Amino acid sequence: YQMGLAAERILAPYVTGGCINIPELPQRNQLKKITACIARHPIPDIKGVFGARRIMRPLHAADERDLIIAMISGG
């Protein structure tokens, strides 16, 4: 969540959307353009599969003018 929030704040004019898988939302969700999918960790569940598919959607639609940023955390 914190990485997605930082990306939105630092790259605000360039972020048009996105999706992250996280185990839970904070009490006050401050994400504006990035969607958070709740998924179990460290043992994946079906919600994690749904979130991963949602994360992949923009990749299939991207072209050479698009910037894709992947942020991966070990937890």
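Trainee: Threonine 16: buried or exposed?
Mentor: Threonine 16 is exposed, because its relative accessible area is 77%. The cut-offs are under 20% relative accessible area for buried and over 50% for exposed, with partly exposed in between (1.4 Å probe, protein chains only). This is a predicted model, where local features need pLDDT of at least 70, side-chain atom pairs count only at pLDDT 80 or more, and totals for chains, interfaces and linings use all residues. Numbering starts from 1 along each chain as its sequence is written, and side-chain values use heavy atoms, with hydrogens and water left out.

Trainee: Where does threonine 16 lie?
Mentor: In the loop between H1 and E1. Helices (H or I, at least four residues) and strands (E, at least two) are DSSP runs, numbered from the N terminus. From threonine 16 to phenylalanine 50, 34 residues along the chain, the C-alpha atoms are separated by 20 Å.

Trainee: Ok, tyrosine 1. Buried or exposed?
Mentor: Tyrosine 1 counts as buried, because its relative accessibility is 17%. Tyrosine 1 sits in the segment before H1.

Trainee: What does tyrosine 1 touch?
Mentor: Leaving out residues up to four places away in sequence, tyrosine 1 touches Ile20, Ile22, Pro26, Arg28, Asn29, Gln30 and Leu31. Contact here is heavy atoms within 4.5 Å.

Trainee: Which residues make up the largest nonpolar core?
Mentor: There are seven: Tyr1, Leu5, Val15, Ile20, Ile22, Leu31 and Ile34. Such a core is a set of buried Ala, Val, Leu, Ile, Met, Phe, Trp, Tyr and Cys residues joined through side-chain atoms within 4.5 Å. Val15 from that set touches Ala7, Glu8, Lys33 and Ile34, again not counting residues up to four places away in sequence.

Trainee: And glutamate 8, where is that found?
Mentor: In helix H1, which covers residues 2–10. Glutamate 8 is buried and has no salt bridge. A salt bridge needs a side-chain nitrogen of Lys or Arg within 4 Å of a carboxyl oxygen of Asp or Glu.

Trainee: Which side chain of opposite charge is nearest to glutamate 8?
Mentor: Lysine 32, 5.9 Å away. For charges, Lys and Arg count as positive and Asp and Glu as negative, while His and the chain ends are not counted.

Trainee: How many salt bridges does a search of the whole structure find?
Mentor: One. The side chains of arginine 65 and aspartate 63 meet in a salt bridge, at 2.5 Å from N to O. Arginine 65 is exposed, with a relative accessible area of 69%, whereas aspartate 63 is partly exposed at 29%.

Trainee: Change of topic. How much space lies in the largest pocket?
Mentor: About 1,400 Å³. Of the 38 residues lining that pocket, Cys19, Ile20, Ile55, Ile69 and Met71 are the closest to its centre. H1, strand E1 (18–22) and helix H2 (46–61) are the elements that give two or more residues to the lining. On a 1 Å grid over the protein atoms alone, a pocket is an open set of points where a 1.4 Å probe fits, with protein on both sides within 12 Å along at least five of seven lines, and lining residues have an atom within 4 Å of a point. Grid points are joined across faces, edges and corners, and the volume is the space filled by probe spheres set on them.

Trainee: Last one: is the peptide bond from histidine 41 to proline 42 cis or trans?
Mentor: That bond is cis, with omega near 10°. Proline 42 is in the loop between strand E2 (34–38) and H2. In general, most peptide bonds are trans.
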